[in-house]
Amino acid sequence: MRKAMALVLGGALVAAGCGGGSGSGQAEIRFIWWGNDDRAKITNEAVRLFESRNPDVKVATSFQNFQNYFEKLSTEIAGGNAPDVIQMDYRYLNEYAGRNVLLDLTPYVGKEIRTADWNAGFAGSGELNGKQVAMPLAQNATTIVYDPKLFTAAGVPEPKIGWTWADYKEIAGKLKASTGISGSTDFGGTEDVFETWLRQRGKALYENGKLGYGKDDLKAFWQLSKDFRDANATTPPELVTTLNAGAEQTPMGKKLSASEHSYDSLYGGYNTVRPDELKLGPYPSDSKEVLGSYRKPSQLISASARTKHKDAAVKLIDFLLNDPDAGKILGANRGLPANLKTREAVAQNISGANKVVFEYQKSVDAKLGDAPPAPPKGDGTIYKLMQRKHEEVVFGKKTIDQALDEFWRDAEEALK
């Protein structure tokens, strides 16, 4: 899913130039992000508003689905054509910042990039080693996306705070038996789900740059996933490779699952292909006190360290983060706005998918924890490794123990 291409990045710095000029005094910058057509429409609308207010800046935009985004970004950096403004992922922050690909925004924070109306600790999620290398674009949280009509048809309760993993397995099995639709999308290869499950047990993905859990933890998680499969409560093996192709291509997007693990900021993608059909609910947890979800930056935004137009790039970043009119356009497509005043203003006039996201976050807010430090360099590799090894288990190529041993060896190597 996430193609870090560390070697490409490492060799990219020599060639990494970006931006351009028209020769008429107008700064020409390029901004890229991942998402779908719905996100592209509103992002481009916000960018056009920015241009109308800043006629000295011209912004070229482009986007990819997440599956291809980082591969393309790495290739562009290596080819000396890095974008000026870059939508960045939390898991890749160390990967890129560690190679000096990202501009240090520290001198701009609190000045050109306004933060007075932000949650005091949220901006820190874009800081590494004392440098502000990214700003969080919005806040999101893990969620269970589900089809309420199928839950009603099967006579099972909808997700709510307090339900357990055993409850989920039982409900998912009944959904399959009653409706013929898989009750849950297979989750065993998804690091995001594993992280939430770990946090429910007081553990973390990483501690001091190392794996923050033991082999027994991952074995138990993969066994949980197998228990769902054995109970006919999850999607079949042939669908396991579709999980990271975008909401529209997942089993839930294709009406092949009654519930799916995701992030609330992706709800707009689901809603595009299944308008007003789906709802958001909290994760199951075996802990009454800990939900495991946290206030995560759904995406971050960075500038290239090699941009020829730093001021223009920073101006666009601030606009997308703090301009109230931009906030109205962008809504909750990427999650809750980082600017609290903008968030409040948007909340008063929202409908549709944005309203679903806002109401979900409000319902779980008291249970959300603080974001952990950004994952270490190598997490992008480990993310894909977990998915690949889980697929080998699902397709019967490896036992859980065999896959676990290989995962552990390769994961520790990726963190060196």
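## Helix α15 and its cover

The buried residues of α15 are covered by elements that include β10 (210-211), α8 (215-230) and α14 (379-394). Contact here means heavy atoms within 4.5 Å. Helices (H or I, at least four residues) and strands (E, at least two) are DSSP runs, numbered from the N terminus. This is a predicted model, in which local features need pLDDT of at least 70 and side-chain atom pairs count only at pLDDT 80 or more, while totals for chains, interfaces and linings use all residues. Residues are numbered from 1 along each chain as its sequence is written, and side-chain values use heavy atoms, with hydrogens and water left out.

Helix α15 spans residues 400-414 and has 15 residues. From first C-alpha to last it reaches 20 Å, close to the expected 21 Å, where the expected span is 1.5 Å times one less than the number of residues. Its buried residues are Ile400, Ala403, Leu404, Glu406, Phe407, Trp408 and Ala411. Buried means under 20% relative accessible area, exposed over 50%, and partly exposed in between (1.4 Å probe, protein chains only). An α-helix has 3.6 residues a turn, so residues three or four places apart point the same way.

## Alanine 411

Alanine 411 is part of helix α15 and counts as buried because its relative accessibility is 0%. Leaving aside residues up to four places away in sequence, alanine 411 touches Leu211, Ile382 and Leu385. Aspartate 318 is 93 residues from alanine 411 in sequence and 37 Å from it in space, C-alpha to C-alpha.

## Loop between α8 and β11

Asparagine 232 lies in the loop between α8 and β11 (259-263), and lysine 255 is in the loop between α8 and β11 as well. Most residues other than glycine have a negative phi. Asparagine 232 has a positive phi of about 55 degrees; for lysine 255 the value is positive too, about 65 degrees.

Asparagine 232 counts as partly exposed at 44% relative accessibility. Lysine 255 counts as partly exposed at 47%.

## Whole chain

The chain has 15 helices and 14 strands. Its radius of gyration is 21 Å, close to the 22 Å that the globule rule gives for 416 residues, so the chain is as compact as a globular protein of that length. The radius is taken over C-alpha atoms, and the rule is 2.2 Å times the number of residues to the power 0.38. Along the principal axes, the C-alpha atoms fill a box of roughly 65 × 50 × 35 Å.

Of the 416 residues, 56% are buried. Among contacts between residues at least 6 apart in sequence, 77% join residues at least 24 apart.
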